[in-house]
Amino acid sequence: MNGLPVDVATDWTRGGPRFVLAVCDECSNTSYLPAEHCSRCGARGRTPRVAVGTGTCVAVTWVHVTVDGGDPAGLVLVELDEGPVVMGRTAERELRPGDGVGVAFEPSGAGRGLVPVFSRKA
Ligand SMILES: [Zn+2]
């Protein structure tokens, strides 16, 4: 994804408030994690696409032992509307698989950049 405008190429792992997906130029397979080849057809050509940021909760769990000894941390897997599954945080105890969710990118704390935080769609 070299040579792309910053707002497209910079995803949340680099401080941009977005998920950046890769759409295969040959078969339109949409993936999230970087890869040399399309996992479906093996083609190399990809076009970046910014995810809308909405999807469906696939799984949710709570971690009760945290690094800072604070409140339990909610971890969630979300299938984005574009197809890929991503991980994020949640603060909603009522969140269940099947719920529609939306993402916000919030400071992770300790100056470590952004993290995706999902909540139920209104
Ligand atoms: Zn492909």
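**Zinc site and nonpolar core in a predicted model**

Q: What is the geometry of the zinc ion's site in this predicted model, given its 4 donor atoms?
A: Let's start with the angles: among the 4 donor atoms they run from 103 to 115°. Four donors count as tetrahedral if all angles lie between 85 and 135 degrees, so the site of the zinc ion is tetrahedral.

Q: Which protein atoms are the donors of the zinc ion, and how are their residues spaced in sequence?
A: The donors lie 2.3 to 2.4 Å from the zinc ion, and they are the SG atoms of Cys24, Cys27, Cys38 and Cys41. In sequence, the spacing of these donor residues reads C-x2-C-x10-C-x2-C.

Q: Are cysteine 24 and cysteine 38 buried or exposed?
A: This pair links distant parts of the chain, 14 residues apart. Cysteine 24 sits in strand S1, while cysteine 38 is in the loop between strand S2 (30–31) and strand S3 (46–50). Both cysteine 24 and cysteine 38 are buried.

Q: Where does the largest nonpolar core lie relative to domain 1 (6–50) and domain 2 (54–120)?
A: This core has 14 residues, and Phe19, Val76 and Phe118 are among those with the most contacts inside it. Strand S5 (73–80), strand S7 (100–107) and strand S8 (114–120) each give two or more residues to the core. Domain 1 and domain 2 both give residues, so the core lies between them.

Q: Which backbone oxygen does the side chain of arginine 18 reach?
A: Arginine 18 lies in the loop between helix H1 (6–9) and strand S1 (20–24), and arginine 18 is buried because its relative accessible area is 17%. At 2.7 Å, its side chain reaches the backbone oxygen of threonine 10.

Conventions. Residues numbered from 1 in each chain as written. Predicted model: local features only at pLDDT ≥ 70, side-chain atom pairs only at ≥ 80, totals over all residues. Heavy atoms only, no water. Helix = DSSP H or I, 4+ residues; strand = E, 2+ residues; numbered from the N terminus. Buried < 20%, exposed > 50% of the residue type's maximum accessible area, 1.4 Å probe, protein only. Polar contact = N/O pair within 3.5 Å; in protein donor to acceptor, adjacent residues only side chain to side chain. Donors = N, O, S within 2.8 Å, 3.2 Å for Na, K, Ca; no water. Tetrahedral: all angles 85-135°; square planar, octahedral: opposite > 155°, others 65-115°. Core = buried A, V, L, I, M, F, W, Y, C linked by side-chain atoms within 4.5 Å. Domains from an automatic or database assignment.
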